[in-house]
Amino acid sequence: MTRRALQDSDCSIQRSLEVIGDPWTVLILREAFLGTTRFSDFVAATGISTDLLADRLAVLVEAGVMEKRPYSEPGKRTRYGYLLTPTGLELRVVLGALQQWGDAHRLLGGSPSMERRSRTTGQRLEVAFVDESGEAVALGDVEFVPSAGQRGVQV
């Protein structure tokens, strides 16, 4: 499927994958959530090639997930840092869900490399579906159904 076809798709999952569907992009986001902002630090943390990183960062900036901000160190040329925008920060739940699934089904060694914890209470967190009343819903009770006016997008 072409980039244009994905962007024009009625399916928001398909359109989201246009921005974050590449494994390198998810690793870039992981590092951004850990505080990485500099191009060279993304390369060092992920092992991604500079050309591929430049491409993935450009997509994230264009989509409004990250913003490019200039910075300079004394006596050096201006460089750019990449920071998550409010839109990008919302992807924390996506990365949390991927991590939770990986901890349950792809764990290497005895324990996860990171834990999800509340900044306020320090308690461990689980990613879950929550209904309109704020109650967590069991995965077996979750279904995806086309919204009114959509032409039968299936998940």
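This is a predicted model: local features need pLDDT of at least 70, side-chain atom pairs count only at pLDDT 80 or more; totals for chains, interfaces and linings use all residues.
Residues are numbered from 1 along each chain as its sequence is written, and side-chain values use heavy atoms, with hydrogens and water left out.

**Overall layout**

- The protein has seven helices and four strands, taken as DSSP runs (H or I, at least four residues, for helices; E, at least two, for strands) and numbered from the N terminus.
- Reading from the N terminus, the order is α-α-α-α-α-β-β-α-α-β-β.
- Along the principal axes, the C-alpha atoms fill a box of roughly 60 × 40 × 30 Å.
- Of the 155 residues, 21% are buried; buried means under 20% relative accessible area, exposed means over 50%, and partly exposed lies in between (1.4 Å probe, protein chains only).
- Take the contacts (heavy atoms within 4.5 Å) between residues at least 6 apart in sequence: 39% of them join residues at least 24 apart.

**Helices α4 and α5**

- Helix α4 covers residues 39–46 and helix α5 covers residues 50–62; they pack at about 115°, axes 10 Å apart.
- Those axes are lines fitted to C-alpha atoms over the stretch in contact, and the angle, on a scale from 0 to 180 degrees, is taken between N-to-C directions.
- The crossing of α4 past α5 is right-handed, meaning that the near helix is turned clockwise from the far one by less than a right angle.
- On the α4 side, F39, F42 and V43 make the contact, and they meet T50, L53, A54 and L57 of α5.
- That contact divides into six nonpolar residues, one polar and no charged (nonpolar: Ala, Val, Leu, Ile, Met, Phe, Trp, Tyr, Cys and Pro; charged: Asp, Glu, Lys and Arg; polar: the others, Gly among them).

**The aromatic pair**

- Rings of Phe, Tyr and Trp (its six-membered ring) pair if their centres lie within 6.5 Å, with planes under 30 degrees apart called stacked, over 60 edge-to-face and the rest tilted; the count here comes to one aromatic pair.
- F129 and F144 are the partners, edge-to-face at 6.5 Å centre to centre with 80° between the planes.
- F129 sits in strand β3 (residues 129–130) and F144 in the segment after β4 (136–137), 15 residues apart.
- F129 is partly exposed because its relative accessible area is 39%, while F144, at 55%, is exposed.

**Around Y80**

- Y80 lies in strand β2 (residues 79–84) and is partly exposed, as its relative accessible area is 38%.
- The charged end of K68 sits over the Y80 ring, 4.6 Å from its centre; the test asks for NZ of Lys or CZ of Arg within 6 Å of the ring centre and within 35 degrees of the ring normal.
- Leaving out residues up to four places away in sequence, Y80 touches T37, F39, K68, R69, P70 and Y71.
- From Y80 to F144 it's 64 residues in sequence and 40 Å in space, C-alpha to C-alpha.

**Two more residues to look at**

- E18 belongs to helix α2 (residues 12–20), and it counts as buried because its relative accessibility is 15%.
- E18 and V59 are 41 residues apart along the chain, with their C-alpha atoms separated by 8.9 Å.
- L108 is in the loop between α7 (92–105) and β3, and counts as exposed because its relative accessibility is 78%.
- The C-alpha atoms of L108 and F144 are separated by 31 Å, at 36 residues apart along the chain.
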